[in-house]
Amino acid sequence: MSTDERLRSRRTMRNPLLLLGFVMTFIYLGLGAWLLIDKSFLPGIPADFRNIFAVMLLVYGGYRGWRLYADYF
């Protein structure tokens, strides 16, 4: 496969992967925020662990958004 063909095939995959990146970033950020705001969500998990998980989701969502920005813009 020549270099031009590889570049063309990467461009065709760019839009779906960009969309998937945006969606997953918003899911991580949204779930992390929801876990911090709504204390009645997932009542079987202790509050400390739920908060730690929520912060981890927010940090990973921020990292994923930053990588999305750095890779595509």
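Predicted model: local features only at pLDDT ≥ 70, side-chain atom pairs only at ≥ 80, totals over all residues.
**Overall build**

The chain has 73 residues, and 14% of them are buried. Its secondary structure consists of 2 helices and 0 strands. Of the contacts between residues at least 6 apart in sequence, 60% join residues at least 24 apart. The chain exposes about 5700 Å², and carbon and sulfur atoms supply 69% of that area.

**Helix α2**

Helix α2 covers residues 47–72. It has 26 residues, and the distance from its first C-alpha to its last is 37 Å, close to the 38 Å expected at 1.5 Å a residue. Which residues of α2 are buried? They are Arg50, Ala54, Leu57, Gly61 and Leu68.

Glycine 62 is placed in helix α2, and its relative accessibility of 37% is why glycine 62 counts as partly exposed. The C-alpha atom of glycine 62 is separated by 9.4 Å from that of phenylalanine 26, although the two residues are 36 residues apart along the chain.

**A salt bridge within the helix**

The count of salt bridges comes to 1. It joins the side chains of aspartate 71 and arginine 67, with 3.4 Å from N to O. Both residues lie in helix α2, 4 residues apart, which is about one turn of the helix.

**Aromatic pairs**

The count of aromatic pairs comes to 7. One of them is formed by tyrosine 28 and tyrosine 60. This pair is edge-to-face, with 5.0 Å centre to centre and 75° between the planes. Tyrosine 28 lies in helix α1 (residues 3–37) and tyrosine 60 in helix α2, so the pair ties together parts that are 32 residues apart in sequence. Tyrosine 60 counts as partly exposed because its relative accessibility is 36%.

Why is the pair of tryptophan 34 and phenylalanine 41 called stacked? The ring centres are 4.1 Å apart and the planes stand at 20°; planes under 30 degrees apart count as stacked, so this pair is stacked. Tryptophan 34 is partly exposed, with a relative accessible area of 43%. Phenylalanine 41 counts as partly exposed too, at 23% relative accessibility.

The table sets out the two pairs.

| Pair | Centre to centre | Angle of planes | Arrangement |
|---|---|---|---|
| Tyrosine 28 and tyrosine 60 | 5.0 Å | 75° | edge-to-face |
| Tryptophan 34 and phenylalanine 41 | 4.1 Å | 20° | stacked |

Some aromatic residues are also grouped in a cluster. Phe22, Phe26, Tyr69 and Phe73 form one aromatic cluster. Phe26 is the residue whose C-alpha atom is 9.4 Å from that of glycine 62.

Which residues make the nonpolar surface patch of about 490 Å²? The patch is made by Leu42, Ile45, Phe49, Ile52 and Met56. Among them, phenylalanine 49 is found in helix α2. Its relative accessibility is 56%, so phenylalanine 49 counts as exposed. Helix α2 thus holds both exposed phenylalanine 49 and buried residues, including Arg50.

Definitions and conventions: Residues numbered from 1 in each chain as written. Heavy atoms only, no water. Buried < 20%, exposed > 50% of the residue type's maximum accessible area, 1.4 Å probe, protein only. Contact = heavy atoms within 4.5 Å. Areas by Shrake-Rupley, 256 points an atom, 1.4 Å probe, with all protein chains shown as cover. Salt bridge = Lys/Arg side-chain N within 4 Å of Asp/Glu carboxyl O. Expected span 1.5 Å × (residues − 1). Phe/Tyr/Trp six-rings, centres within 6.5 Å; stacked < 30°, edge-to-face > 60°. Patch = residues over 30% accessible without salt bridge, like charges linked within 9 Å, V, L, I, M, F, W, Y side chains within 5 Å.
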